[in-house]
Amino acid sequence: MTLLSSRSSNSESQDADHLARIAIVGRGFTGIMTAIALFKRVDQPFHLVMFDPRAKIDIGEGISQPASTVLTSRVRDLSVDPGLPDDFRRWLETDDTWRDRLISDPAGLEHAFVPGEIFSTYVYKRFAEALTHRPDVIVQFGSDTVTAIDRHLDGGYSVFLGAEQRTRFDAVFLATGYGMREYSDAAPASETQNAVVIGGGIHAVDRALGLLADAKISHVTLISESGFLPQSHAPAAVGSVVTDQPMPGTLRGAFRFLREAASRADLEGSGWQGIMNGFRSRARDLWAGLTPEERARFKRHVKAIYDSHRNRLPPEHYQRLHHAIASGAIAVRKGKVNCIATNGVLFSAPTGLEVLPADLTIDCRFRPSGTDSPLVRSLIVAGLATRDELEIGIVVDECGRTKASALHGLFAMGPLGLGSLPDIDLVPQIVLQSHAAASLLNRWIGEVAKSAARRRSL
């Protein structure tokens with residue numbers, strides 16, 4: 001989707017000087033979702049500017065790294081409004097463009113996985129509808145690159161655009177997902193036969209399967225540093241299974257508890273997925289109680305296998321993956337890539353250094369959420385944010401507020417807070433966080449407006 005103009009307004013006639021000014025940095029899914037929540041939750045008029053150097057609005061950005069054709073949440077869990085959990089399903093059933101392409105049985109549709117392009121269309125339509133219902137809000141789309149953020153002398157934040165220009169905002173939402181990077185996926189050359197895909201996550205598997213679907217690719221080597229690959233969703237949604245037993249407060253005890261509960265569930269035939277869902281619902285409390293040493297141990301030894309069980313493939317994709325492995329079309333190698341060249345990769349396997357020749361190499365490794373960018377570094381230098389202990393992102397609370405900031409109104413949304421909030425990179429969690437942050441900001445804007453009215457009456 002492309003913006004019609006880099007500067008557009010929903011209501012140019014308003015006096016913007018008297019409105020609360022809000023900036024959203026990033027227009028991927030996290031940024032668009034934050035905007036939808038603001039339209040729905042902030043009842044005062046405001047002036048919103050959405051910054052992103054890319055003209056294209058990619059709803060998939062911020063859900064995966066980069067956007068994937070595979071959505072790992074079921075239809076029943078995809079809604080931009082927590083108060084309307086079946087909104088996406090109802091939209092699918094009534095939209096002429098997609099209805100005939102999907103499962104006709106409503107019960108089956110609820111448990112289905114849909115292509116990312118369908119969800120992107122839904123989110124953008126809901127964004128456009130929410131904007132239409134707020135004629136009191138001024139909205140602008142900026143193509144400028146935000147390079148830094150600092151405190152403003154008059155309160156709020158200075159948002160720097162390049163080296164010279166700066167603009168004041170009362171609140172800023174960082175919604176850069178996995179960082180404001182430009183991703184390039186080169187098309188396979190006509191003579192391409194072998195490809196290397198680096199990474200062991202959902203996106204790496206998606207790319208490997210997609211390459212095999214292209215007649216030019218006959219073999220893919222999938223390099224996973226940990227050796228783990230995503231597990232499968234259950235055939236039908238199982239919800240969360242939470243036992244009555246108290247969760248141990250140590251990392252070792254908690255995961256022993258998880259393994260034993262999952263083993264019992266498998267023996268009983270209910271599957272481990274429900275146990276894992278229940279464990280995830282308690283993961284934030286567990287994480288808050290871990291020592292710094294245990295958190296570091298989690299990053300080194302547990303995170304890879306934990307991610308492979310929480311980020312799951314739709315059953316159909318899981319079966320395709322393992323059929324390709326069994327047939328030899330995909331070879332899975334464990335190792336760390338040291339160097340990528342035009343004709344292959346150099347990587348450290350358990351047996352030593354190896355060179356893998358390849359006609360095409362695609363890097364799908366997880367990268368920290370843009371914390372090495374000048375923008376995030378500016379926040380840390382200004383004392384407005386701190387990196388989390390895993391060095392994945394920024395320390396945030398449940399609403400996305402950066403804990404290092406003594407001011408109101410600075411939020412790091414979605415995957416930027418992944419080191420503080422497990423699962424905050426998944427669609428349902430981003431939706432909940434966006435609405436919680438918007439509600440919090442609405443209360444603060446209301447308090448500021450009341451204080452200003454009292455001062456004017458004196």
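**Entry 1. The parallel sheet**

Two strands count as paired if DSSP finds at least two bridges between them. I keep that rule at hand while I read this model, which is predicted.

I started with a sheet of four strands. The sheet is open, its order is β10-β9-β8-β14, and the pairing is parallel. Which strands stand at the edges? They are β10 (330–334) and β14 (360–363). Each has a single partner strand, so one side of each is left without a neighbour in the sheet. Neighbouring strands here are turned by 20° against each other on average, with direction ignored.

I then looked at one pair. Strand β9 covers residues 219–224 and runs parallel to β10, joined to β10 by five bridges. Thr 221 stands opposite Ala 331 of β10. Helix α6 (residues 202–213) packs on this sheet. Helix α6 touches β8 (194–198), β9, β10 and β14, and its direction makes about 170° with that of β9.

**Entry 2. The antiparallel sheet**

Next I turned to a sheet of three strands. This one is open too, in the order β11-β12-β13, with antiparallel pairing. I checked the edges again. They are β11 (336–341) and β13 (352–357). Each of these has a single partner strand, so one side of each lacks a neighbour in the sheet. The twist averages 20° from one strand to the next.

How many bridges pair β12 with β13? There are six, in the antiparallel sense, and β12 spans residues 344–349.

**Entry 3. Nonpolar cores**

I looked up the largest nonpolar core. It has 50 residues. Leu 38, Phe 39, Leu 48 and Phe 88 have the most contacts inside it. Several elements each supply at least two residues of this core, among them β1 (20–25), α1 (29–41), β2 (46–51) and α2 (87–94). Helix α13 gives the largest share, nine residues.

Not counting residues up to four places away in sequence, Leu 38 touches Ile 22, Ile 24, Phe 46, Leu 48, Arg 134, Phe 173, Ala 438 and Leu 441. Another core, of 48 residues, lies apart from the largest one. Tyr 157, Phe 257, Leu 290 and Ala 385 are among its members.

**Entry 4. Helix α5**

I checked the length of α5. At 1.5 Å a residue, its 17 residues should span 24 Å. The end C-alpha atoms are 24 Å apart, which agrees. The buried residues of α5 include Gly 116, Phe 119, Val 123, Arg 126, Phe 127 and Leu 131.

**Entry 5. Two crossing helices**

I moved on to α8 and α10. Helix α8 (residues 273–281) packs against α10 (residues 292–310) at an angle of about 115°. Their axes are 10 Å apart, and the crossing is left-handed. From α8, the contact is made by Met 276, Phe 279 and Arg 280. From α10, it is made by Tyr 306, His 309 and Arg 310.

**Entry 6. Gly 419**

Last, I looked up one glycine. Gly 419 is found in the loop between β15 (410–412) and α13 (427–457). Is Gly 419 buried or exposed? Its relative accessible area is 6%. The cut-off for buried is under 20%, so Gly 419 is buried.

What does Gly 419 contact, leaving aside its neighbours within four places in sequence? I found Trp 287, Asp 388 and Ile 392. I also checked Lys 299, which is 120 residues from Gly 419 along the chain. The C-alpha atoms of the two are separated by 9.9 Å.

Notes. Residues are numbered from 1 along each chain as its sequence is written. This is a predicted model: local features need pLDDT of at least 70, side-chain atom pairs count only at pLDDT 80 or more; totals for chains, interfaces and linings use all residues. Side-chain values use heavy atoms; hydrogens and water are left out. Axes are lines fitted to C-alpha atoms, for helices over the stretch in contact, and angles run from 0 to 180 degrees between N-to-C directions. Contact means heavy atoms within 4.5 Å. Buried means under 20% relative accessible area, exposed over 50%, partly exposed in between (1.4 Å probe, protein chains only). A nonpolar core is a set of buried Ala, Val, Leu, Ile, Met, Phe, Trp, Tyr and Cys residues joined through side-chain atoms within 4.5 Å. The expected span of a helix is 1.5 Å times one less than its number of residues. A crossing is left-handed if the near helix is turned anticlockwise from the far one by less than a right angle, and right-handed if clockwise.
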